[in-house]
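Subject: Structure for your attention

Dear colleague,

Please find below the structure that I am handing over to you.

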Amino acid sequence: MQYPIILIVVCLLIGLSKGGLGAALAVLAIPLLSQVMPVRDAQGVALPLLMVADWFALWAYRGTWNMHYIWRTIPFATVGIVIGTSLLAGLPNQTLKHIVALFTLFFVLYRLFGDRLMTSEYQPRTWHAYLAGGVSGVGSALANVGGPPFTAYMLLQKLDPLPFVGTITLFFAIVNALKLPGLMIAGIFDINRLLSVIWVLPVLPVGVWIGRYVIKRINQRLFERFMLIMLVLTALILLFG
């Protein structure tokens, strides 16, 4: 009985995340699923849920994404996915979680205290996009923890909520699709994984709709504070969970 309840909760969190309430919510999927199955199996179960939710999220945020950030980050995210998938069998997930958590906390601190630490405001650099894309790709392939570094990078761009969420939505839809071949070759994802979770898929659009409804009515300052809090909480979960 425990597994179905956790699976429903995970689906709702993924839907809310894809609906705009923060990648941190989707990051909780693996820790929750790992309570009732090995982490390796949890990754295989989470991937079809994420990919189905991506379709609903892409429809909800169609036309709102900023392709400038997609073109800059996806090539290096692809490299990161290849590296992450290659290391999946050998590198402990906990090690990667710690790396991603520290990377995320660095960007949160920079966003909060950057104006005090530097005489000039943050200036975007091309390599920032490369780093965010690459780390997100590795983290996503290894443990589905690619959301925090890319979210932190996007926060530094100071976009309005809709293009902010739309760009993140498209980025991770592409990343999840790119992960599929490697995970299939590694035997982590197969058709049986999809069949085992197909009954809970209707929960996903409900979560996406709720997230989309809330994001359209939230104040930008409040939205950014909420995202920063989610990033910190996610980093702490990755460090100590």
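This is a predicted model: local features need pLDDT of at least 70, side-chain atom pairs count only at pLDDT 80 or more; totals for chains, interfaces and linings use all residues.

Helix H7 covers residues 126-143, which makes 18 residues. From its first C-alpha to its last, H7 reaches 26 Å, close to the 26 Å expected at 1.5 Å a residue. Of the 18 residues of H7, 14 are buried, so this helix is largely enclosed by the rest of the structure. After H7 comes asparagine 144, which has a positive phi, near 55°.

One partner of interest here is helix H5, residues 67-87. The axes of H5 and H7 come within 6 Å and cross at roughly 35°, and the crossing is right-handed. On the H5 side, the residues that meet H7 are Arg72, Thr73, Phe76, Ala77, Gly80, Ile81, Ile83, Gly84, Thr85 and Leu87. On the H7 side, they are Thr126, Ala129, Tyr130, Gly133, Gly134, Gly137, Val138, Ala141 and Leu142. Sorted by class, this contact of H5 with H7 has ten nonpolar, eight polar and one charged residues.

Aromatic rings

A search of the whole structure gives seven aromatic pairs. In one of these, the rings of phenylalanine 150 and phenylalanine 171 have their centres 3.8 Å apart and their planes at 5°; the pair is therefore stacked, since planes under 30 degrees apart count as such. Phenylalanine 150 belongs to helix H8 (residues 147-156) and phenylalanine 171 to helix H9 (residues 161-185), so that this pair links distant parts of the chain, 21 residues apart. Both phenylalanine 150 and phenylalanine 171 are buried.

Phenylalanine 150 also pairs with phenylalanine 172, here in an edge-to-face arrangement with 5.7 Å centre to centre and 90° between the planes. Because phenylalanine 150 lies in helix H8 and phenylalanine 172 in helix H9, the pair ties together parts that are 22 residues apart in sequence. The relative accessibility of phenylalanine 150 is 0%, so this residue counts as buried. Phenylalanine 172, at 8%, counts as buried too. Ring pairs link Tyr69, Phe150, Tyr153, Phe171 and Phe172 into a cluster.

Methionine 154 is placed in helix H8. With 0% relative accessibility, methionine 154 counts as buried. Setting aside neighbours within four places in sequence, methionine 154 is in contact with Tyr69, Leu159, Phe164, Thr167 and Ile168; Tyr69 is also one of the residues in the ring cluster. Between the C-alpha atoms of methionine 154 and phenylalanine 106, which are 48 residues apart along the chain, the separation is 14 Å.

Alanine 101 is found in helix H6, residues 93-117. This alanine counts as buried, at 0% relative accessibility. Apart from neighbours within four places in sequence, alanine 101 is in contact with Ala235, Leu238 and Leu239. The C-alpha atoms of alanine 101 and isoleucine 237 are separated by 8.3 Å, although the two residues are 136 residues apart along the chain.

Threonine 234 is part of helix H12, residues 220-240. Its relative accessibility is 3%, and threonine 234 counts as buried. From the C-alpha atom of threonine 234 to that of proline 4, 230 residues apart along the chain, the separation is 24 Å.

With kind regards

Definitions and conventions. Residues are numbered from 1 along each chain as its sequence is written. Side-chain values use heavy atoms; hydrogens and water are left out. Helices (H or I, at least four residues) and strands (E, at least two) are DSSP runs, numbered from the N terminus. The expected span of a helix is 1.5 Å times one less than its number of residues. Buried means under 20% relative accessible area, exposed over 50%, partly exposed in between (1.4 Å probe, protein chains only). Axes are lines fitted to C-alpha atoms, for helices over the stretch in contact, and angles run from 0 to 180 degrees between N-to-C directions. A crossing is left-handed if the near helix is turned anticlockwise from the far one by less than a right angle, and right-handed if clockwise. Contact means heavy atoms within 4.5 Å. Ala, Val, Leu, Ile, Met, Phe, Trp, Tyr, Cys and Pro count as nonpolar, Asp, Glu, Lys and Arg as charged, and the others, Gly among them, as polar. Rings of Phe, Tyr and Trp (its six-membered ring) pair if their centres lie within 6.5 Å; planes under 30 degrees apart count as stacked, over 60 as edge-to-face and the rest as tilted.
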